[in-house]
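Please work through each task before reading its solution.

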Amino acid sequence: MPEKFIIPTPRPGPFELGPDSHRQPDVPRGEISKHEWRSTIFPGTVRDFWVYVPDQYSPDSPAKVMVFQDGGGYVNEEGESRAPVVFDNLIHQGKLSVTICIFINPGHFPPVAEGENPVSNRSFEYDTLSDQYVRFLLEEIFPAVAENHNLTTEASGRAICGASSGGICSFNVAWERPDAFSKVLSHVGSFADIRGGHVYPTLVRNTPPKPIRVFLQAGANDLDVGWGNWPLANLEMAAAFNFTGYDYKLDFGDGEHNTKHGGAILPESLIWLWR
């Protein structure tokens, strides 16, 4: 039996970006390209996505792959996570292998009439417990990116990350298809009853362990609303992983519902996840 799960004392902020999250001299920059995608698995939706290719990439060798939900936030080099900068620095240092990153925004339905606003499909895509989103990745996005880049097809070389509803989406992707994704990074994950995600701790406890490695970042001052209590939900997930014997790590701080903490520890999170 694993050691008893002990609720950690939240480590205090502020959570500040370290040197690996800032541009460093003489570190080569990867290339980022922006694309638009119209989905058939989510009919009628349109979304932007970005592909990051490190300078060290060679088409002669399959690259590892990491997917980021709410991609526009993670790809932003002035944002709280600055993922392209982190990958540039860590790949240059030899702490990460060559990894192509796919930053995907949630889909939206374009306006039908002039003056109307787009309708977001984010909650349906991210919070629903089904295989629809992972099929969208494997049947639509990955083949599109693979037309121009040599991507690994091994689960051990694929990771997925997201915040809030993007966090539970990331876990759901690996839970549904552990043969396709083996690593999950969740920032303030919404393991709450938005669309039934509160059942995951019990499912994890009562299902034979899947070959998934999980890094959870959570904050003691996160949301407490009708759908649930986010700190408690993430602690429940961590306790379930501990009970079942998963390879997991919990970083529990005193932060709120944002990516400041997750962004500040992104370098160390990635090194742990890909070790």
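**Exercise 1.** State how many cavities of 30 Å³ or more the structure holds, and determine which residues line the largest cavity.

*Solution.* Step 1: the structure holds one cavity of 30 Å³ or more; a cavity is a set of points on a 1 Å grid over the protein atoms alone where a 1.4 Å probe fits but cannot get out. This is a predicted model, in which local features need pLDDT of at least 70 and side-chain atom pairs count only at pLDDT 80 or more, while totals for chains, interfaces and linings use all residues. Residues are numbered from 1 along each chain as its sequence is written, and side-chain values use heavy atoms, leaving out hydrogens and water.

Step 1: the largest cavity contains about 40 Å³ of space, the volume being that filled by probe spheres set on the points.

Step 2: its lining, residues with an atom within 4 Å of a point, consists of Phe42, Phe124, Glu125, Thr128, Ser130, Gln132, Tyr133 and Asn172.

**Exercise 2.** Explain why helix H9 is described as largely enclosed.

*Solution.* Step 1: helices are DSSP runs (H or I, at least four residues), and H9 covers residues 266-273.

Step 1: the buried residues (under 20% relative accessible area, 1.4 Å probe, protein chains only) are Leu266, Pro267, Ser269, Leu270, Trp272 and Leu273.

Step 2: because six of the eight residues of H9 are buried, the helix is largely enclosed by the rest of the structure.

**Exercise 3.** Identify the bridge partner of Ala218 in E12.

*Solution.* Step 1: seven bridges join strand E9 (residues 213-219) to E12, and the two run parallel. Step 2: the partner of Ala218 is Phe252.

Note on methods. Buried means under 20% relative accessible area, exposed over 50%, partly exposed in between (1.4 Å probe, protein chains only). Two strands pair if DSSP finds at least two bridges between them. On a 1 Å grid over the protein atoms alone, a cavity is a set of points where a 1.4 Å probe fits but cannot get out, and a pocket is an open set with protein on both sides within 12 Å along at least five of seven lines; lining residues have an atom within 4 Å of a point.
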